[in-house]
Amino acid sequence: MKAVIVPLLLAFLGLSRPLFAQMAYPMVMSLKPIAVQAGKESEVEFNSRYSMLGAFQVLTSGDGVMGSVLHPEVKPGEKPELTKMKVRFNVEASAMPGVRDVKLATPQGVSTVGQLVVVSDPVIVETPKNDDISQAQEVSLPATLCGCIEKAEDLDFFRFKVEAGTELHFHMRCARLQDRIHDLQNHCDPMITLRNSMGSTIAASDNYFYGDPFLAHRFEHAGDYTIEVRDVRYEGNPYWEYALEVSSKPFVTNLFPLGVTIGQETPLKLIGTHLPQPSVLAFKLPAEATVGATWARLAYGGEVTNPAPIYATNLPVVMEQETPNDSPEVAQVVAIPAGINGRISQESDVDCFKFEAKKGERFTFEVRARRYQSALDSNLRILNEKGAVLQENDDLRDLKRGSADSRIENWTVPADGTYCVEVRDMHLRGGESFIYFLEVTKAEPHFRIYADTDKTLLGPGGNGVVFVKIDRKNGFDGEVQLHVDGLPEGVTATCGKILTGKVDDGCIIFKAAATVPLSATNVTIRGTSTWKASDTESRELAAVAGVYQETYQPGGGRGHWPVETHTISIGAPADIRTIKLSDKDASMKSVDGGGYEVTLKPGETKTIEVIIERAEGFDKNVTLDVMFQHLGIFANTLPTGVKFDEGKSSKLITGKNVKGHIVLTADATAAPVERQLIPVTANVSLNFVMKTTFSAEPLWLTIAKP
């Protein structure tokens with residue numbers, strides 16, 4: 001993610017170190033227009049909940065997109081509630097088309113994620129009166145049509161001319177852009193309808209790329225046509241922005257094979273509409289490419305295709321054979337581990353692959369398809385030699401999100417012999433775009449980690465915390481040490497660990513120097529562990545943390561959606577300036593470098609006093625905690641057998657009060673633990689779900705031996 005810093009005049013803020021009582025970071029709701037053209041300079045209006053006053057930095061994912069804030073005129077001493085803000089984007093001609101995560105850094109903290117679409121063709125913004133076919137907006141193609149389904153029963157019409165034989169595709173981005181928007185609880189379900197000059201429907205599309213429509217059409221007759229955009233339910237919302245790309249250029253929906261070997265030239269078959277000839281083009285991933293999902297653009301005749309997803313792999317790659325393999329009796333023989341490229345080519349098609357395995361061996365089978373724009377809704381089964389089903393999976397869960405792809409994890413071979421893995425579409429559909437990449441790997445112990453939020457907010461001299469959660473795989477139960485890379489100047493990090501056993505959470509506590517300037521910096525969080533495979537063999541394991549943004553779910557739930565980066569945001573002095581700790585029996589020890597250490601014996605209780613320093617004028621309720629929770633626990637770094645006794649704690653600090661306390665109790669059977677990092681936090685509610693979390697200095701908790 002690149003960041004562009006715009007100089008911030010202190011006079012704009014009113015004073016050098018402003019006091020923002022009841023501060024709330026901006027929550028981006030929409031961008032208008034939501035698309036910008038590669039090779040051009042464009043102005044985009046950000047719309048938010050909570051003020052973007054003083055925004056000083058724009059962060060965008062990927063390369064080639066640079067943003068700068070266009071500050072509105074504000075009278076000296078005024079602090080208006082700015083929920084609209086213009087940003088100028090300069091997009092390089094070589095910038096990859098597609099969706100970018102965008103954040104604005106402000107003195108109140110870095111914003112939630114917004115979505116920006118980079119496109120190749122000119123952007124045309126809808127006019128105010130295009131909601132009747134008789135007033136359809138005249139447009140020239142190719143173009144990206146940007147608008148908003150802003151109210152109930154809103155319809156947007158665009159009129160264009162074509163010659164006989166013209167082929168156009170209409171690619172809508174709308175529903176997919178709203179998944180990451182924090183406070184957009186009701187999402188659009190867009191639909192497009194193509195009409196002739198008489199207003200008659202000649203083609204329509206609802207769901208193609210998830211909830212978004214896609215339509216390709218050949219116009220047999222010259223003349224005027226209109227494209228209509230609306231919500232399927234005739235609902236509307238002022239934040240339901242869309243980008244509709246209309247072009248006669250080739251449009252690639254998929255590439256086959258989906259799994260591509262790193263460093264090896266691979267012929268890829270283009271799948272889509274208006275494709276160039278030949279439709280098989282050579283492609284090569286560089287040797288330094290990493291395993292995982294990526295986007296590919298293929299060169300043809302001096303042009304390049306639109307990006308399409310592929311999966312980079314180092315596994316031995318096998319291609320599905322052309323002869324029938326639709327039953328265990330004629331299953332294609334493969335050697336595993338391997339990556340298998342296949343396609344459910346027609347209705348009721350089934351692909352079967354036969355392999356030899358030894359008793360006690362363990363394997364993981366994973367279908368990669370729907371996550372990569374394939375039309376396949378896979379179902380995965382493992383069969384024995386007699387055709388009996390040993391294990392089956394329809395939909396997998398990937399950390400916090402589900403998927404229509406399939407995965408069978410850590411399957412143990414019951415006996416020496418021949419087995420069959422079967423792939424089919426759950427609804428027995430099939431076709432050219434029903435492609436997949438089936439990974440078959442040895443099920444070895446490993447772990448994945450992810451950050452529970454995409455931002456940590458700091459004020460000068462203050463502390464913040466990020467919780468990191470683990471997903472243990474294939475019997476891994478080791479301890480994981482956390483690390484952070486790319487810290488901004490003036491910020492230090494105390495990295496905790498995720499303990500063995502049933503503890504699934506760790507934390508990192510950040511501290512900003514008292515004189516640190518306003519800034520926003522993306523950091524990388526990772527974890528390492530040493531896995532003892534046997535008495536004689538140890539293995540070093542590592543993982544980079546994924547990142548989730550919190551989303552406000554209908555009814556008050558707290559959801560998550562994956563985003564690109566975790567941002568350390570240095571803002572103005574916050575609602576809570578500092579948090580001080582002490583204990584009543586004076587047994588808590590100071591630690592060199594900052595923080596405290598407290599020891600609990602099994603069966604013992606400790607009371608830790610907490611004193612907060614409030615910002616001037618800030619008198620809202622503050623809740624103390626040592627976990628992250630809201631209608632349930634989202635993160636808890638306490639060792640097994642240690643409890644945060646909320647009933648005995650004084651965790652609610654009201655009005656202008658500044659003192660509270662927390663009570664920790666160790667069970668009589670609590671196992672020994674050496675120096676587990678515990679965050680003592682003060683939380684200020686922003687809405688029913690969201691809160692700003694401030695942290696005290698690091699607290700190291702030790703459980704003594706009995």
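A charge sits over a ring if NZ of Lys or CZ of Arg is within 6 Å of the ring centre and within 35 degrees of the ring normal. In this predicted model, arginine 343 lies over the face of phenylalanine 256, at 4.4 Å from the ring centre.

**Charges over rings**
- Arginine 343 and phenylalanine 256 form one such arrangement.
- Lysine 691 places its charged end over the ring of phenylalanine 628, 5.0 Å from the ring's centre.

**Aromatic pairs**
- The count of aromatic pairs comes to 22.
- Phenylalanine 46 and phenylalanine 89 are stacked, because their ring planes stand at 25°, with the centres 6.3 Å apart.
- This pair links distant parts of the chain, 43 residues apart. Phenylalanine 46 belongs to strand S4 (residues 41-49), and phenylalanine 89 to strand S7 (residues 84-91).
- Phenylalanine 46 and phenylalanine 89 are both buried.
- Phenylalanine 355 and phenylalanine 365 make a tilted pair, 5.9 Å centre to centre, with 40° between the planes.
- Phenylalanine 355 sits in strand S32 (residues 350-357) and phenylalanine 365 in strand S33 (residues 362-368), 10 residues apart.
- Phenylalanine 355 and phenylalanine 365 are buried.
- Phe160, Phe170, Phe219 and Tyr225 are linked into a cluster by ring pairs.

**An open four-stranded sheet**
- The sheet has 4 strands in the order S54-S55-S66-S63 and is open, with mixed pairing.
- Strands S54 (589-590) and S63 (673-678) are the edges. Each has a single partner strand, so one side of each has no neighbour in the sheet.
- S63 runs antiparallel to strand S66 (residues 699-703), and 4 bridges join them.
- Across from isoleucine 678 stands leucine 699 in S66.

**Nonpolar cores**
- The largest nonpolar core holds 38 residues. Leu581 and Val626 have the most contacts inside this core.
- Leaving aside residues up to four places away in sequence, valine 626 touches Leu638, Phe644, Ile662, Leu664, Ile678, Pro679 and Val680.
- A second, separate core has 30 residues, including Ala55, Val58, Leu116 and Val117.

**Threonine 637**
- Threonine 637 lies in the loop between strand S59 (633-635) and strand S60 (642-644).
- Its relative accessibility is 0%, so threonine 637 counts as buried.
- A polar atom of the threonine 637 side chain lies 3.3 Å from the backbone oxygen of leucine 677.
- Not counting residues up to four places away in sequence, threonine 637 touches Phe467, Asp505, Gly506, Cys507, Gln676, Leu677, Ile678 and Pro679.

**Backbone features**
- Most residues other than glycine have a negative phi, and most peptide bonds are trans.
- Leucine 141 and proline 142 are joined by a cis peptide bond, with omega about 5°. Proline 142 is in the loop between strand S12 (137-138) and strand S13 (143-148).
- A cis bond also runs from glutamine 277 to proline 278, with omega near 0°. Proline 278 is in the loop between strand S23 (265-273) and strand S24 (280-284).
- Tyrosine 210 has a positive phi, near 55°. Tyrosine 210 lies in the loop between strand S17 (201-205) and strand S18 (214-219). With a relative accessible area of 48%, tyrosine 210 is partly exposed.
- Glutamine 373 has a positive phi, near 70°. Its place is in the loop between S33 and strand S34 (378-383).

Technical notes:
Residues are numbered from 1 along each chain as its sequence is written. This is a predicted model: local features need pLDDT of at least 70, side-chain atom pairs count only at pLDDT 80 or more; totals for chains, interfaces and linings use all residues. Side-chain values use heavy atoms; hydrogens and water are left out. Two strands pair if DSSP finds at least two bridges between them. Helices (H or I, at least four residues) and strands (E, at least two) are DSSP runs, numbered from the N terminus. A nonpolar core is a set of buried Ala, Val, Leu, Ile, Met, Phe, Trp, Tyr and Cys residues joined through side-chain atoms within 4.5 Å. Buried means under 20% relative accessible area, exposed over 50%, partly exposed in between (1.4 Å probe, protein chains only). Contact means heavy atoms within 4.5 Å. A polar contact is a pair of N or O atoms within 3.5 Å; within protein, one must be able to donate a hydrogen and the other to accept it, and residues adjacent in sequence count only if both atoms are side-chain atoms. Rings of Phe, Tyr and Trp (its six-membered ring) pair if their centres lie within 6.5 Å; planes under 30 degrees apart count as stacked, over 60 as edge-to-face and the rest as tilted.
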